[in-house]
Amino acid sequence: MFATRCRSASPGLCHFRVWVVPKSTQRLNDWVAPHQAQLDVVIRPLVEGDLPAADRILRVAFGTFLGLPDPATFLEDASMVRTRWLADPQAVLAAEHNGKLIGSNFATNWGSFGFFGPLTVEPEYWNRGVAQRLLGPTMEIFRRWGNRHLGLYTFPHSPKHMALYQKFGFWPRDLVVSFSKPIEGVPDEPPHVSRLSESGPANRGTLVAACREVTDAIFEGLDVEREIRAVADQQLGETVLVWDSSRLAGFAVCHTGPGTEAGSGSCYVKFAAVRPGPRAGDNFARLLRGIERLAAVRHTPKITADVNVARREAFRAMLANRFRPERQGVAMETGDAAAGYNHAGVYIVDDWR
Ligand SMILES: CC(C)(COP(=O)(O)OP(=O)(O)OC[C@H]1O[C@@H](n2cnc3c(N)ncnc32)[C@H](O)[C@@H]1OP(=O)(O)O)[C@@H](O)C(=O)NCCC(=O)NCCS
């Protein structure tokens, strides 16, 4: 436990702060967080020429926060800066100081739900208000999109992250568990499972609309078309489809391979959902087997997938299908404790990072 005096410029806000932080994951200079003079920062859209610098800052920022010996190796051959920017360039903000990129933030529009991240700032500029300068205009983007619920994924042990996001109306809610499952052999294709890439471009619109119908049945207006199109257009992986008679029962948008959010080490489930109803559990199990088959034929050594613990049936189904919990984060959300789609009965696997 560490205590230090707040150095706020506003005397009314000064008090002793007490922080309890695992030693291995934060540096002393970040614990005490002296608030240095605010910087002269310009916030503007991130443009294509910024991508290499934004990618480097993302790796170094997370690598530094997590205490990696070589911070720049964070994410290895996985990548999210270019793929997310290509998915929606208008949704990415850059922070610039003296003509140099020093941070960025990515917003994502899933219809009625919006989230942001990764939010990263060059470590030498931490605790000088840069993230807050990025977050103000990010909240404006959400207002423009009209999302009725907002969320983010962060580190549950970090008082800094909690305090930062609470300033913008986010409140810590449930834990989010990252699961993984090693691939052993090539399982048979489960019945009534297909892939979006087999359908041909002419049918794509109809299938995307069917996916929207599935998510809308869970949380009105939820729509991950952006993720399905990004995977198809940028060839990031595959969307697995599970059918119940002739009706789409569920789908999983998966990244595989270097340069995607998965990297060469895994098949990453970016988003998966199953239509609610009495057959939801069986359909979810079939969807997981379809993902496993995809991972095997693409020669990826494991599957990785995030599930919010409030989605109890989905969480238990992951365990029952021999997925192992690896890490956990926390979801922070706007609204009251019942708002959003993190609750029992919801079969969704998703990534808010
Ligand atoms: C998280 C990150 C984006 C924050 O950027 P930043 O520019 O340092 O943040 P800001 O300076 O705008 O805001 C930090 C606030 O938290 C406060 N803070 C810092 N340490 C704190 C602590 N231990 N407890 C409580 N508040 C703390 C700061 O004082 C500041 O608030 P103030 O302006 O009211 O004093 C940056 O540290 C980073 O890139 N980290 C690595 C990547 C990462 O974790 N990204 C977010 C993933 S969810």
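**Exercise 1. Between which two helices is the loop that holds E76, and is E76 buried or exposed?**

Solution. This is a predicted model, in which local features need a pLDDT of at least 70 and side-chain atom pairs count only at pLDDT 80 or more, while totals for chains, interfaces and linings use all residues. Residues are numbered from 1 along each chain as its sequence is written. Start with the position: E76 sits in the loop between α2 (51-65) and α3 (81-87), where helices (H or I, at least four residues) and strands (E, at least two) are DSSP runs numbered from the N terminus. Next, count neighbours: E76 is exposed because it has 11 C-beta neighbours inside 10 Å. The cut-offs are 20 or more other C-beta atoms within 10 Å for buried, 12 or fewer for exposed, and partly exposed in between, with C-beta atoms placed from the backbone.

**Exercise 2. Work out the surroundings of T260.**

Solution. T260 is in the loop between β11 (247-257) and β12 (263-274), and it counts as buried because it has 26 C-beta neighbours inside 10 Å. Leaving aside residues up to four places away in sequence, T260 touches A78, S79, T83, L236, G237 and H255, a contact being two C-beta atoms, placed from the backbone, within 7 Å. As for L236, it is 24 residues from T260 in sequence, yet their C-alpha atoms are 5.7 Å apart.

**Exercise 3. Characterise the packing of α8 on α9.**

Solution. Helix α8 (residues 280-297) and helix α9 (residues 312-320) pack at an angle of about 45 degrees, and their axes are 11 Å apart; axes are lines fitted to C-alpha atoms, for helices over the stretch in contact, and angles run from 0 to 180 degrees between N-to-C directions. That angle makes α8 oblique to α9, since under 35 degrees is roughly parallel, over 145 roughly antiparallel, 65 to 115 roughly perpendicular and the rest oblique. The contact is formed by G281, F284 and A285 of α8 together with E313, A314 and A317 of α9.
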